[in-house]
Amino acid sequence: MLGLTNIILYAGVYTPLKQVTIWNTWVGAIVGAIPPMMGWAAASGDLDAGAAVLAAALFSWQMPHFLSLAWLCKDDYLRGGFRMMPFVDPAGRRTAIAAVRHCIYLIPLGYLAYLVDAATEPFAWETAILSAGMGVRAVQFLQKPSQNSARSLFRISLIYLPVLMACLIAHRVPRSDVEAHRDHPRCYAHSLSFSLDCLRPDRLAEAFESGVVSRIWDCGSGDGRLAVKSGSRAQVEAAIESQVEAQIMAEDEMVAAVAAATTAMTGRSP
C-alpha cells in the first residue's frame, strides 16, 4: 500500500508540481520519507512511532539538501521550467531560512527515537551534534547566500545522512526487546525478570540511585520485570541476587522467631 501510494504521489502529484509551484519540494520530501517507512514495515511487520521518527528525519533532511541544490542549479532549473524556491527568492534569504528551520527540526529527533525505544540515549546526542553542525552551514548560507555557501551546505548534507544512519544502526534497540515490553514504552535494551516478593525497598532504591535500574513493574501473579538503564546484565543479576539472599535471610529469621515463640508458649518445638 505504501509503495503504491508513493508511486501515485511521485508520478501523479510531485512530478507535475515541479512546473507549477515551489511547494513541489515539500511534496517531494514526503515522497522521499515514505521508502524508509516501507523498509521499517517490511523488517518489523508494522508501522510504529519509530517509523514516524525515521520518516520525519528523512523529510527534514531533504530540505537543506535540495534547497541548497536548487540554489546551486537555479539557472538550470529556470531554463528547464521548474519552479524551485530560488525562482521566487532571487536573494536566497527565504531559501536559506527554510534550510535553517529544518536543521533545527532535526536536532530533537534523536531524542524522540530514544523516547520511543527506537534507539539508545547516545543516538540522541549524536543526532543533535550532527544536526547542529549542518545547521551552522545553513546559517552561513543565510548570512551570505552564494554558490560557495550553498555548495558547503549541500556537501555536508551528503555526509549527514549516511553518518546519521550509521549511528542509528550502532545504537538501535533490538526489536525483540521492544516487542517483549510493548505495553511499557519506557523499557530499555535488556531486562531481567524476577519475583516482586524478592525486592526489598531499600535495595531497590539503591539500584535506582546507582542508575542501573530505570523502571520496575508488575507483570501479574507476583512476577515483575526490571528494565536496565545502564551497567551490564551481570551487575543487575548481582543486584537481584543480593536482594533475593536478603529476603531469604529475613524469612529464615522470621521462621526462627516463630519457632522460638511457639517453643516458649507450648514448651516444645513446633
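Visitor: How do the residues lining the second largest pocket divide by class?
Guide: They divide into seven nonpolar, five polar and one charged, where Ala, Val, Leu, Ile, Met, Phe, Trp, Tyr, Cys and Pro count as nonpolar, Asp, Glu, Lys and Arg as charged, and the others, Gly among them, as polar. This is a predicted model, in which local features need pLDDT of at least 70 and side-chain atom pairs count only at pLDDT 80 or more, while totals for chains, interfaces and linings use all residues. Residues are numbered from 1 along each chain as its sequence is written, and side-chain values use heavy atoms, with hydrogens and water left out.

Visitor: What's the volume of that second largest pocket, and which residues are closest to its centre?
Guide: The second largest pocket has a volume of about 220 Å³, a volume being the space filled by probe spheres set on grid points that are joined across faces, edges and corners. Of its 13 lining residues, Y14, K18, N24, F66 and M84 are the closest to the centre. On a 1 Å grid over the protein atoms alone, a pocket is an open set of points with protein on both sides within 12 Å along at least five of seven lines, a cavity is a set where a 1.4 Å probe fits but cannot get out, and lining residues have an atom within 4 Å of a point.

Visitor: Which element gives the most to that pocket's lining?
Guide: Helix α2 does, with six residues; helices (H or I, at least four residues) and strands (E, at least two) are DSSP runs, numbered from the N terminus.

Visitor: New topic: how are Y111 and Y114 arranged?
Guide: A search of the whole structure finds five aromatic pairs, and Y111 and Y114 form a tilted one, at 5.8 Å centre to centre with 40° between the planes. Rings of Phe, Tyr and Trp (its six-membered ring) pair if their centres lie within 6.5 Å, and planes under 30 degrees apart count as stacked, over 60 as edge-to-face and the rest as tilted.

Visitor: Is Y114 buried or exposed?
Guide: Y114 counts as buried because its relative accessibility is 10%, whereas Y111 is partly exposed at 45%. Buried means under 20% relative accessible area, exposed over 50%, and partly exposed in between (1.4 Å probe, protein chains only).
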